[in-house]
Amino acid sequence: MPPSFVPPLLLVAATCLLSACATTTIKSTWRDEADTAGTPQKIVVFVAVKDENLRKMAENRVVQSLPPRMTPVAGHQLDLAPELEVDTVRARLVKGGFDAALVARLVSVDKSQTVVPAQTQFMTDPMFWNVGPRYRSFYTYYPYVYTTPSYTVENTRVIVETLLYRLPEGRPVWTAISESINPQSSLQVVDELIKLISKKLKTEGLLPPD
């Protein structure tokens with residue numbers, strides 16, 4: 001085995017460890033204990049991002065994940081911005097019969113780099129695994145010594161805030177802050193968030209159980 005050879009599986013494992021292998025977690029939640037309205041009857045979904053195509057895709061996927069009896073509607077279908085603090089937006093939602101709004105807001109996308117230095121590794125000859133090193137010379141083992149070159153790992157951290165508002169008041173009764181590490185795509189973040197947020201809201205009695 002040439003000294004410069006780097007086993008592909010080793011590089012994959014190292015990269016996976018350093019990048020934490022894309023995961024989304026809920027970092028914190030808050031619940032208004034005074035809220036006793038229970039499960040919303042008609043809910044509108046907003047995803048606050050600049051990319052309009054991403055917004056539509058994300059809102060549609062959230063709507064598809066919600067129970068039909070909640071009559072979920074995507075905000076872009078109403079041609080409304082996710083600004084629940086604006087009286088005109090709130091008035092239109094109330095007029096449409098909505099009693100709740102689920103809003104997901106992209107807080108930040110942070111990027112960083114980690115430099116992994118070159119490292120020398122030792123791999124014994126499989127034919128002599130049962131023979132101790134004292135019986136072998138350095139030159140005999142040399143072909144099984146290899147060096148992994150230095151490389152740079154890109155890390156991405158996505159923070160999203162999700163809020164559930166009651167209407168007509170327009171006040172938040174539940175919030176969650178989530179963190180996604182090294183997602184492969186926006187779709188992955190959306191799908192992982194849907195599962196986590198749905199589970200949390202069901203636990204809080206804000207979504208009907210399965």
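Q: Which element of the protein chain has the lowest mean pLDDT?
A: This is a predicted model, where local features need pLDDT of at least 70, side-chain atom pairs count only at pLDDT 80 or more, and totals for chains, interfaces and linings use all residues. Residues are numbered from 1 along each chain as its sequence is written, and side-chain values use heavy atoms, without hydrogens and water. pLDDT is the predictor's confidence in each residue, from 0 to 100. Strand 3 (residues 73–74) has the highest mean, 97, and the lowest, 39, belongs to helix 1 (residues 8–19).

Q: Is Thr-162 buried or exposed?
A: Buried means under 20% relative accessible area, exposed over 50%, partly exposed in between (1.4 Å probe, protein chains only). Thr-162 has a relative accessible area of 5%, so Thr-162 is buried.

Q: Which residue pairs with Arg-171 in a salt bridge at 3.0 Å, N to O?
A: A salt bridge needs a side-chain nitrogen of Lys or Arg within 4 Å of a carboxyl oxygen of Asp or Glu. Arg-171 is partly exposed at 32% relative accessibility. Its partner, at 3.0 Å from N to O, is Asp-32.

Q: How many residues apart in sequence are the parts tied together by Arg-61 and Asp-191?
A: The two side chains meet in a salt bridge at 2.8 Å, N to O. Helices (H or I, at least four residues) and strands (E, at least two) are DSSP runs, numbered from the N terminus. Arg-61 lies in helix 2 (residues 52–65) and Asp-191 in helix 5 (residues 186–203), so the pair ties together parts separated in sequence by 130 residues.
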